[in-house]
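Let's take a friendly walk through a protein model, going from the whole chain down to single residues. Keep the picture beside you as you read.

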Amino acid sequence: MASSEGFLTDEQREMLKTASRNVETPLPSPRLSSSPKSPSSLLSDHQLKVPAVGKAPTGGIAVRHVRRSHSGKFIRVKKDGAGRKGTWGKLLDTDGESHMDRNDPNYDSGEEPYQLVGSTISDLLDEYKKAVVSIIEEYFSTSDVESAASDLKDLGSSEYHPYFIKRLVSMSMDRHDKEKEMASVLLSALYADVISPPQFRDGFVMLLESADDLAVDIVDAIDILALFVARAVVDEILPPAFLTRAKKTLPESSKGYQVLRTAEKSYLSAPHHGELLERRWGGSTYVTVEEMKKKIADLLREYVESGDTFEACRYIRELGVSFFHHEVVKRALVLAMEIQTAEPLMLKLLKEAADEGLISSSQMVKGFARLAESLDDLALDIPSAKTLFESIVPKAISEGWLDASFTKSSCEDGEAQNEDKRLRQYKKELVTIIHEYFLSDDIPELIRSLEDLRLPKFNPIFLKKLITLALDRKNREKEMASVLLAALHIEIFSTEDILNGFVMLLESAEDTALDILDASNELALFLARAVIDDVLVPLNLEEITSKLPPNCSGSETVRMARSLITARHAGERLLRCWGGGTGWAVEDAKDKIMKLLEEYESGGVVAEACQCIRDLGMPFFNHEVVKKALVMAMEKKNDRMLDLLQVCFSEGLITINQMTKGFTRIKDGLDDLALDIPNAKDKFSFYIEYAQKKGWLLPSFGASVVEALPIAAVS
């Protein structure tokens, strides 16, 4: 209802209020006035009539003070100032047809409308995720492990491989048992060759972290993930310690924690869990290796009887194990050697399978390579095996179904394979030697065993194995390992061997830490103890650090060892870091040696002195007996000590190596010794001459002494 006075009606007030709230939204009217003095003109476009004061309503009203440009368009109000004085300006300025005039004195470039320019942002991770989906889908349809591995290698971006593991497992979880088994088989095939162990751990951690999301879409996600984790442990993709370490990173209320608990208690702790897990998805295409070998052998024997190449190729295809076709190649070649009449048939089958693309070139080469490795064993049953193999290879290459690179690679790999074989045998014998040492504490016997192996180039590997085995045992064995290192450094190990052994040990520190929780601290103690025992010098720690990757856990271990060495009373603490162990601390041994020599020098019996040396139980430290005996002989001017050394040498109590080491230590410190004993060099020359006559010293010692001592002293 209109008012009798010159005010807006209720309806008009409501419209004005709506316009104020929706200032950013254009009003239906194409043109609005911006003058507050003529509200009727604002509403005239909506055909609303405002009655004049004291007058009855009329059909129209006069519009006053309407600001328009000469072109008939409304004037755009200024920025933020809401127009000129006496105008409403910006609040109701919703003219969609207005434009910016750059010649306007009030022009502001900030008022120009934004233009969104599209640009392609290359997200490598997103591209990687899309690519691996197609690789996995293709693998599920073809079962070609080799192709999947090759495609993943060609894809690059190896730093994103944990996402591949997560995607592979999560995609298989929502499918049949066949795909789950295929996923496990592919993970085993990719391990170490394509995807590194740390990336496997990261991938499974990502899976555990996303278990809550997976459980929303997959009802039994926890049980399936637990099976994958347990299967990975059985397949040696993940170490058993992974479960313990991963639990610490997950909340106990999370699904990922439940997965680990299920894997540990329900699957890995069950009797015969390995066999059960391998057959858990047994309804799929998976069969055990032995079963597959039997199928291949039956297939080939049937082919020998029938001679039907087409049918044999069909059977090979139906096996559905393209990644295992190298076994077909190897068994076909063995059968060709066993049955001379079957050779043409087998070669025909292999050629046909290669021509059809049924057996890939890499599988063919792998099959030949496996047979080449086992020729020595095969020759025991088939004496002409090597001759037959050598005749088959050129024939296969000439017919084009064996890559010509096989002959070159087989020659190059021959030495490498022999080297690997020796290394494997060496490692096996090392374990036995170290275990015997831990039981007997017999260092001379261990040194003899190592010398019998005659493989000094593998000394760093021995050090790595020794400390690795000691890490997983009690303090007694750790002390024995440290004592043994000191003995080996004196007898047969060079400083370079020790350095390289510690480098190898620290490079694998992250893997060691998975099985031994306190491995980093223990390794730091071994390093620091080696410095205190004079096996290494502090400068060697810098050299070890330079050989390690930056920011790795091994570098942190070296820094920890350095801080242990520089701590107050470091020597005494580190000598007793394993609680005393079974070996004497170095300082204790030195004190005992000094006391027994003083007792002997003051009138003791040779037999008693020898027994005391024997009771020390430190034959690797007998060079200290030699050194202190010679120094005491110089100081006391009493050559009675030479008689003791002669008896010890003749009884085999002090070896020629220990005797030479003792003389070498005197030679190295002769200048300092001469400050206290003026005639030390003359006396030492006499002792050398005496020792050489008695055969105490190695022949190599004489030349080094001639260079070190003055000519007058030697003469």
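Below, we begin with the chain as a whole and then visit some of its helices, cores and residues.

**Ground rules.** This is a predicted model, in which local features need pLDDT of at least 70 and side-chain atom pairs count only at pLDDT 80 or more, while totals for chains, interfaces and linings use all residues. Residues are numbered from 1 along each chain as its sequence is written, and side-chain values use heavy atoms, with hydrogens and water left out.

**The whole chain.** What does the secondary structure of the chain come to? It consists of 38 helices and zero strands. Here helices (H or I, at least four residues) and strands (E, at least two) are DSSP runs, numbered from the N terminus. Of the 715 residues in the chain, 42% are buried. A residue is called buried under 20% relative accessible area, exposed over 50%, and partly exposed in between (1.4 Å probe, protein chains only). The chain exposes about 38600 Å², and carbon and sulfur atoms supply 51% of that area. Such areas come from the Shrake-Rupley method with a 1.4 Å probe; for residues, only the protein chains shown count as cover.

Contacts also tell us about the fold. A contact means heavy atoms within 4.5 Å. Among the contacts in the chain with a separation of 6 or more, 72% are between residues 24 or more positions apart.

**Two nonpolar cores.** A nonpolar core is a set of buried Ala, Val, Leu, Ile, Met, Phe, Trp, Tyr and Cys residues joined through side-chain atoms within 4.5 Å. The largest one has 59 residues, and Phe462, Ile467, Phe502, Leu527, Leu536 and Ile544 have the most contacts inside it. Take Ile544 as an example: leaving out residues up to four places away in sequence, Ile544 touches Leu499, Phe502, Val503, Leu506, Leu527, Leu536 and Val558. There is also a second, separate core of 58 residues, with Tyr139, Leu225, Val233 and Leu243 among them.

**Helix 32, an enclosed helix.** Helix 32 covers residues 622-636, so to speak 15 residues in a row, and reaches 21 Å from its first C-alpha to its last, close to the 21 Å expected at 1.5 Å a residue. The expected span is 1.5 Å times one less than the number of residues in the helix. Why is helix 32 largely enclosed by the rest of the structure? Because 12 of its 15 residues are buried. Among them are His623, Val626, Leu630 and Met634. Asn622, also in helix 32, is buried with a relative accessible area of 3%. Beyond its neighbours within four places in sequence, Asn622 is in contact with Ile613, Leu653, Ile654 and Gln658.

**A pair of helices.** Two packed helices are described by the angle and the distance between their axes. The axes of helix 16 (residues 343-355) and helix 19 (residues 385-399) come within 12 Å and cross at roughly 35°. Axes are lines fitted to C-alpha atoms, for helices over the stretch in contact, with angles from 0 to 180 degrees between N-to-C directions. The crossing of helix 16 and helix 19 is right-handed. At the meeting place, Glu343, Leu347 and Lys351 of helix 16 face Leu388, Ile392, Lys395 and Glu399 of helix 19 in contact.

The table lists pairs by the separation of their C-alpha atoms.

| Pair | Apart in sequence | C-alpha separation |
|---|---|---|
| Ala528 and Arg562 | 34 residues | 6.9 Å |
| Gly571 and Ile532 | 39 residues | 6.0 Å |
| Ala226 and Tyr267 | 41 residues | 8.1 Å |

Ala528 belongs to helix 26 (residues 519-532) and is buried at 0% relative accessible area. Ala226 sits in helix 9 (residues 221-234) and is buried too, at 0%. Gly571, in helix 29, is partly exposed at 25%.

Most residues other than glycine have a negative phi. Asp441, though not a glycine, has a positive phi of about 60°. Asp441 lies in the loop between helix 20 (405-440) and helix 21 (443-453). His569 likewise has a positive phi, of about 55°, and lies in the loop between helix 28 (553-566) and helix 29 (570-575).

Definitions and conventions: A crossing is left-handed if the near helix is turned anticlockwise from the far one by less than a right angle, and right-handed if clockwise.
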